[in-house]
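Subject: Handover of a structure and the findings from it

Dear colleague,

Please find below the structure that I am passing on to you.

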Amino acid sequence: MALIADPDEDLVRRVGQGDPAAIQSMVARKLPRMLSLARRMLGDAVEAEDVAQEAMLRAWRQAPRWAPGKARFDTWLHRVALNLCYDRLRRRREITTDTPPDRPDEGAAPDRGLLAADVGVRVEAALARLPDRQREAIVLCHYQELTNIEAAALMEVSVEALESLLSRGRRALRLALADMRPDAEGA
């Protein structure tokens with residue numbers, strides 16, 4: 001088995017040795033990406049912060065025992081964050097009650113009226129409605145900027161399966177956002 005070159009190897013080693021500057025550097029480099037990943041997977045900023053912080057805590061705890069060469073540290077950290085997201089998504093579905101909850105108003109809240117028209121809000125909402133695996137593939141490749149090979153390895157699927165997930169996810173996003181296309185105004 002060939003060893004995998006890891007650009008974070010020295011940083012992880014220094015974090016494992018308790019170097020405060022290395023810890024600060026790791027948090028500065030990795031936390032924003034973990035926060036972005038969790039926010040897109042969960043659609044909740046508070047939960048995303050919890051997940052990102054827990055992922056960073058686990059990275060700090062794992063650093064002294066990290067064995068370079070099996071996988072890139074960044075790939076491992078993404079997997080940890082994704083697993084934490086899936087744990088939270090599972091807990092959301094496991095809530096059972098005798099009576100169904102009140103349906104929330106689907107419209108924009110009064111204080112967010114201006115934001116409702118924002119393209120980013122629409123895209124995030126459409127992304128949140130995708131099946132979990134399609135959303136994961138889109139987030140990893142388009143937002144986290146992983147290559148198809150890296151994302152497929154992280155998701156534990158073949159590159160072909162990843163490309164299928166990406167294709168179906170993109171198609172669903174295009175359909176959900178079709179009214180935003182410039183040529184859709186006359187339709």
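I begin with helix 7 (residues 132-143), where arginine 135 and aspartate 132 both lie, three residues apart, or about one turn of the helix. Helices here are DSSP runs of H or I with at least four residues, strands are runs of E with at least two, and both are numbered from the N terminus. The side chains of arginine 135 and aspartate 132 meet in a salt bridge, with 2.8 Å from N to O. A salt bridge is counted when a side-chain nitrogen of Lys or Arg lies within 4 Å of a carboxyl oxygen of Asp or Glu. Arginine 135 counts as buried at 3% relative accessibility, whereas aspartate 132 counts as partly exposed at 22%. Buried means under 20% relative accessible area, exposed means over 50%, and partly exposed lies in between (1.4 Å probe, protein chains only).

Salt bridges that share partners also join Asp8, Arg29, Lys30, Arg33 and Asp74 into one network.

Before going further, please note that this is a predicted model, in which local features need pLDDT of at least 70 and side-chain atom pairs count only at pLDDT 80 or more, while totals for chains, interfaces and linings use all residues. Residues are numbered from 1 along each chain as its sequence is written, and side-chain values use heavy atoms, with hydrogens and water left out.

As to the overall architecture, the protein has nine helices and zero strands. Along the sequence, this reads as the pattern α-α-α-α-α-α-α-α-α. The protein has 187 residues, of which 33% count as buried.

Across the whole structure, a search finds 17 salt bridges. One of them is formed by the side chains of arginine 33 and aspartate 74, at 3.5 Å from N to O. Arginine 33 lies in helix 2 and aspartate 74 in helix 4 (residues 73-93), so the pair ties together parts that are 41 residues apart in sequence. Aspartate 74 is buried, with 4% relative accessibility, while arginine 33 is partly exposed, with a relative accessible area of 29%. Helix 2, which holds arginine 33, covers residues 20-42. Arginine 33 is also 8.9 Å from tyrosine 143, C-alpha to C-alpha, although the two are 110 residues apart in sequence.

Helix 4 holds a further pair. Aspartate 87 forms a salt bridge with arginine 90, and their closest N and O atoms are 2.6 Å apart. These two residues are three residues apart in helix 4, and therefore separated by about one helical turn. Both partners are partly exposed: aspartate 87 has a relative accessible area of 32%, and arginine 90 has 42%.

On the surface, Arg168, Arg170, Arg171 and Arg174 gather in a patch of positive charge. Such a patch is made of residues with over 30% relative accessible area and no salt bridge, with like charges joined within 9 Å. Arginine 171 lies in helix 9 (residues 159-176) and is partly exposed, with a relative accessible area of 41%.

Finally, a search of the whole structure finds zero disulfides, a disulfide being a pair of cysteine sulfur atoms within 2.5 Å. Cysteine 85 is buried, with a relative accessible area of 0%, and cysteine 141 is buried as well, at 12%.

With kind regards

Methods. Patches are made of residues with over 30% relative accessible area and no salt bridge: like charges are joined within 9 Å, nonpolar side chains (Val, Leu, Ile, Met, Phe, Trp, Tyr) within 5 Å. Accessible areas come from the Shrake-Rupley method with a 1.4 Å probe; for residues, only the protein chains shown count as cover. Lys and Arg count as positive and Asp and Glu as negative; His and the chain ends are not counted. The place of a charge is taken as NZ of Lys, CZ of Arg, CG of Asp or CD of Glu.
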